[in-house]
Structure formats: structure tokens, C-alpha cells
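Welcome! Let's take a friendly walk through the model shown below, looking at a few helices and strands in turn.

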Amino acid sequence: MSFRKDFLWGGACAANQFEGAWDVDGKGVSVPDLCTNGTKDCPKSITTKVEPGRLYPSHEAIDFYHHYKEDIALFAEMGFKVFRTSINWTRIFPTGMEEKPNEAGLQFYENVFKECQKYGIEPLVTLSHYELPYGLVEAYNGWAGEEVIGHFERYCHVVFERYQHLVKYWLTFNEINGGTTQLGTTLSLGTVKGYSGPVNGIQITPQLRYTALHHQLVASAKVVAYAHALYPQFQLGDMNVFLTAYPLTCDPKDILATQQHNNVLNWFCSDVQIRGAYPSYMDRYFRENGIDLQITEEEKEILKKGTVDFYTCSYYMSTCITTHENSEEVAGNLAGGAKNPYLTASEWGWQIDPDGLRYTLNEIYERYQLPIMVVENGLGARDEKGADGRVHDSYRIDYLRKHIEAMREAAEDGVDLMGYTPWGCIDLVSASTGEMAKRYGFIYVNKFDDGTGDLSREKKDSFDWYQKVIRTNGEDLTD
Ligand code: BG6
């Protein structure tokens, strides 16, 4: 048993982290355009306007906007069958509130998708990957405002119509469940009206958090139902950050705490997006946290109608949960947890756990019986060039190999896996820290944390390795 014959091998990026050209051709300001650079020890900040003298990494990023032909040619050379990217909402509707779309923005993505088509690469498009127009933050405090649902629908209707013959696979919100985390408050919910400070510093009430998330869930269901009605050829997926969590000890209290943690963080949003209703375990959570959502009958109907066709997630790491004291904390993607003594971690403190991917895929498939795609996975590492001027990233190959082996095991366990798009297939700006130094790519980009670099592209060792992996449909994982 191995990967399906039509397995979608590829890579993933997000507009705000690699396009640059932040104010070109009519594009408006989005939340990440107001985020400065940071490091793993010093969080990046968000400002209310662009402040002179500060560095905003999204403004140039790696300038995919002007390099897309060269980059897609490299993806094609690796053999990509699929390329996951996002549409930056502010290229289409600069403040989010215009009645008419910006033609130059529409044309750019048409060019990108046609370029993919040229090589037989299927685009997988995220409609919202942490790219909320800042105009909607100023007008409605981001997703706190119910009005944002209508603005999002208008944007989706326009891009569905325009790209109906070029794009088949769509994801609504990147890591929608990230909205339950502290970092997701800024990145995903955008409830930062008037706020300047560290991106992980904004405090909101549980009521506000789950109201904003509810608006996203309703918005997602509305556009999924709309697309199903008008474009039967489309396949629409959800997208979750899967933060696999194990009980640190066999104390039943740790088991229960882990179950509750997983319910709220890992299952709640996908339960809504796949089963079409709020799960019963959230009632108690809402009651005990003073959250009253007043979900209307009409909204319940919308959620029921707008369920997705396939499940997708990002998977980078796992953590542990405990009710005991003295546990050592570790970092993670959007959220960390207790240290697992059996795992090693990346330089950024994310624990590396390929077996956790097999375990997680089995859990997801048992729950939903829908095809699954791992749309992000990878190792953020500091790449140094060797004496020959090339990056020999054996550590990245090792990480990816073990995760692909885990996926193969999961497929053998019976999981219906449809594809794999490792994160940052070309080096790009880190979402959590704004660094360039935290690289994920098969392709090295000469761009550095201080904003310098000539943006030239070079293949790393992992480029050739991944090319072989794709050519053999995941059979040959050797160096
Ligand atoms: C996911 C996001 O959380 O992880 C990406 O969807 C992000 O946008 C990726 O880049 C890796 O995280 P980071 O913080 O290392 O860039």
C-alpha cells in the first residue's frame, strides 16, 4: 500500500508571506502589512499605520509578485502537481468594502493560475490566509463585526466567478481554529482596532473571541454553499492548524484535560465545518467561560448547508498537556504546551514528531471519513551555504522524509490521503516572527532579516530530493 496514483504532491505559500508588492497596482493595506519584524525571543509588533524607520517584512517579502514565472517554473521542475497559495483579499478589494473589484489584482492571480496551468499544476487556493483588509479592522474591529461576513462573500463571489475555469480546489480560512489562540487573535480574527504592540499582546474577552470566530464559521459555510450551488466542479475544504496534544502523564486528570483541550482547539471548528453544527461539548465550555453566542435558526441552517468536501490541516509539531506543576513549557505553532521528554525540537522550540502525524491522520479520518490533505508541514531552520555555495539541508530532508513515511503508514492504516503540500516550498517570511532566517524552502532566496538581499533564487539539496520523491510517488525517500 502506498500513495494514491493521483496523489497531489506540491508545496504551499501564502500571499502575504511571499508576494511583496504590498502597495502595487491598487492593492490595499492588510493586517500583515502593518506587522513589523521580530525574532523567536522578541515578538513582532502590529502598528496602526506604517511607521517610518520600521521594517515591515511583507512589503517586499520575496517579491513573488514579480518573480512568479521563474518560481512556478522551479515548482514545475520539481514535478509539483499542486501549488497551494492564497489570494490576498486587499488586491481585489483594497479596503474590503468597495463595491467593485480591482481589475489589476484580479489579473495578477489570473496570470499566476494560467502559469500553473501551463505546467499542469493544479492551484489550491486559500481565500483568507491571515490577510484581512485593515479597512475592515478600522470599520468593524475585524471579524468582531457581523458585516464582515457580507464583505467576505462579495470577495469570494468575485474570485469564484473569475477563476472558475482555472481553480478547482479552494480552502476558506487558513487555520481557522487558530482564532482560539492568543496569536490567532491578531493574525486570524483581526480584532485589533486601534491596537499597537506585540502581535501576541492583545487581550480580548472570550465572548468577543468566539463571536468573531462564529462570524468566520458562518462566512465559510455561506461561501461553501454558494460555490456548491453555482460551481459543481469545485471542491472546498476546511483548514485547521492541528496541534496534536498528548497527556503528559497517565493521571486520569491529565487524560481529561487533554481531551477538553483537544475538543476546543483541534476539533471544534472542523466539527462545525464538516458536521454542520456546533458540537455539544462546546455548550459547557461556553457556559463556563461566560460566552453567549445567540446563534439564530437561520445561522444553524447556513452551517448545516455549508459543509466542506475534504479536510485539510497544517501539522508541524506536538505538545503535552498536564494538570501537574513543574512541567517545562515548549513553543509551538500558534500555541505551545508541556515538553515531551521523548522528542527533540527545532531551533524555534517546535517539537518534531512524525509519529504524531500518523496518529493524527488516523484520528481525523476515523472521525470524519473524508479525504484528507496535509497542506502544511516542514522544518523552519537556519540555512547556511556550504563552501560550494549551496545549501546542504540534510536536516530538512530528514524531517520531511520521516513525515512522508508517517503519511505512508497512515495510508496503510486506511486513511484516504489526497495530497501533501509542504510549507514554504520557497523561502518566505515567517508568520509568527516575521523573520527570513526561519527558512522552510526547497528553494533558497537571497533575502535577509534586515531587508537586504538581491532576491535571487537557488536550489537547495532538498530540491533534488523532493523532485525524486514526487517522481517515484513517494516510493524512494533516500538521499
Ligand atoms: C502556519 C501558517 O501556522 O505555520 C503559516 O499557516 C506559517 O502562515 C506556518 O508560516 C509556519 O509558521 P512560522 O511561524 O514558522 O512561519
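## A lysine in helix α4

Let's start with Lys118, which lies in helix α4 (residues 103–118). Helices here are DSSP runs of H or I with at least four residues, strands are runs of E with at least two, and both are numbered from the N terminus. Is Lys118 buried or exposed? Lys118 counts as exposed because its relative accessibility is 58%. The cut-offs are under 20% relative accessible area for buried and over 50% for exposed, with partly exposed in between (1.4 Å probe, protein chains only). Ile72 is 46 residues away from Lys118 along the chain, and their C-alpha atoms are 9.7 Å apart.

A word on what you are viewing: this is a predicted model, in which local features need pLDDT of at least 70 and side-chain atom pairs count only at pLDDT 80 or more, while totals for chains, interfaces and linings use all residues. Residues are numbered from 1 along each chain as its sequence is written, and side-chain values use heavy atoms, with hydrogens and water left out.

## Two helices side by side

Helix α2 (residues 64–78) and α4 have axes that come within 10 Å and cross at roughly 10 degrees. This makes α2 roughly parallel to α4, a label for angles under 35 degrees. Axes are lines fitted to C-alpha atoms over the stretch in contact, and angles run from 0 to 180 degrees between N-to-C directions.

Which residues of α2 and α4 make the contact? From α2 come Phe64, Tyr65, Tyr68, Lys69 and Ile72, and from α4 come Phe108, Asn111, Val112, Glu115 and Cys116. Contact means heavy atoms within 4.5 Å.

## Strand β10 and its partners

In strand β10 (residues 311–314), Tyr311 and Cys313 point one way, Thr312 and Ser314 point the other way, and all are buried. Strand β8 (residues 240–241) pairs with β10 in the parallel sense over two bridges; pairing requires DSSP to find at least two bridges. Here Val241 stands opposite Ser314.

β10 also runs parallel to strand β14 (residues 372–376), and four bridges join them. In this pair, Tyr311 stands opposite Ile372.

## Helix α13 and its cover

Now for helix α13 (residues 394–413): its buried residues include Arg396, Ile397, Tyr399 and Leu400. Among the elements that cover the buried residues of α13 are β1 (8–12), α12 (354–368) and β14. After α13 comes Gly414, with a positive phi near 115 degrees.

Technical notes
Parallel < 35°, antiparallel > 145°, perpendicular 65-115°, else oblique.
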